[in-house]
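Me: Please take one part of this structure and go through it closely for me, with the aromatic side chains as the subject. I would like the cut-offs behind each term as you go.

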Amino acid sequence: MVSDAARTILLRQTSGAFLALWSLFLWWLFVMLTHSAWSCGDCVAKSLGVSAIVGLGLNANGYAASNANSVAEYVKNGPFSVARFFLIPFCVASYSAIANVKKDMFTYLFPKDGPEPMTYSGIGVICLASLVGCALLFRHVVLLPEDVNDAKASSSSNTSLDEGIKPADHHYVSMAK
């Protein structure tokens, strides 16, 4: 149903650690859109500067820890990691900048309630929980059953050392000792 390469990527992207990152990214996006963050051009420019400096440092560290022989190979083997090392500092810097510029709209780092009965934060949390639930459902219903079927097929084709011994034989051997 799903190719092996796509399944590998989807399994990785729907693991617990990546779901946490995706949830934080979606929360950041939600807050930026609902609080007119893009109207603060200076904040975005400074966040891009922070992202470039920190992202280069993170990628240099990732390259040093990798088995890649060149920077091109490092980028080819992990384009999502390279992008993530730039995106995370940008998200952190821009969120912090917006929270500082629009202090009346935030309590510490959390958006204040809106005028509606259900707040922006409540809607955001419900959306995030729904997306995480759908991702987990997709992982367990679509992706993992193929792994279980593959494991059953490979275990039935493997020969066991105890293949000729029946359960009664095991009992008999243990009784003889």
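Reply: Read along the sequence, the pattern is α-α-α-α-α-β-β-α-α, which amounts to seven helices and two strands; here helices (H or I, at least four residues) and strands (E, at least two) are DSSP runs numbered from the N terminus. This is a predicted model, in which local features need pLDDT of at least 70 and side-chain atom pairs count only at pLDDT 80 or more, while totals for chains, interfaces and linings use all residues. Residues are numbered from 1 along each chain as its sequence is written, and side-chain values use heavy atoms, with hydrogens and water left out. Of the 177 residues of the protein, 28% count as buried, where buried means under 20% relative accessible area, exposed over 50% and partly exposed in between, with a 1.4 Å probe and protein chains only.

The structure holds five aromatic pairs. Rings of Phe, Tyr and Trp (its six-membered ring) pair if their centres lie within 6.5 Å, and planes under 30 degrees apart count as stacked, over 60 as edge-to-face and the rest as tilted. The rings of Phe25 and Trp28 have their centres 5.7 Å apart and their planes at 25°, so this pair is stacked. Because Phe25 and Trp28 are three residues apart in helix H2, about one helical turn separates them. Phe25 has 24% relative accessibility and therefore counts as partly exposed, whereas Trp28, with a relative accessible area of 7%, is buried. Trp28 also pairs with Phe90: their ring centres are 5.9 Å apart and their planes lie at 70°, so the pair is edge-to-face. This second pair links distant parts of the chain, with Trp28 in helix H2 and Phe90 in helix H5, 62 residues apart, and Phe90 is buried, as is Trp28. Ring pairs link Trp22, Phe25, Trp28 and Phe90 into a cluster.

The helices that carry Trp28 and Phe90 also take part in the largest pocket, since helix H2 (16–34) and helix H5 (79–101) each supply at least two residues of its lining. On a 1 Å grid over the protein atoms alone, a pocket is an open set of points where a 1.4 Å probe fits, with protein on both sides within 12 Å along at least five of seven lines, and lining residues have an atom within 4 Å of a point. About 590 Å³ of space lies in this pocket, a volume being the space filled by probe spheres set on the points, which are joined across faces, edges and corners. Its lining has 19 residues, of which Leu21, Leu24, Phe25, Ile88 and Cys91 lie nearest the centre, and H5 gives the most, with nine residues. By class, the lining has 16 nonpolar, two polar and one charged residues; Ala, Val, Leu, Ile, Met, Phe, Trp, Tyr, Cys and Pro count as nonpolar, Asp, Glu, Lys and Arg as charged, and the others, Gly among them, as polar.

One further aromatic ring deserves a mention. Arg84 lies over the face of Phe85, at 5.8 Å from the ring centre, by the rule that NZ of Lys or CZ of Arg must be within 6 Å of the ring centre and within 35 degrees of the ring normal.
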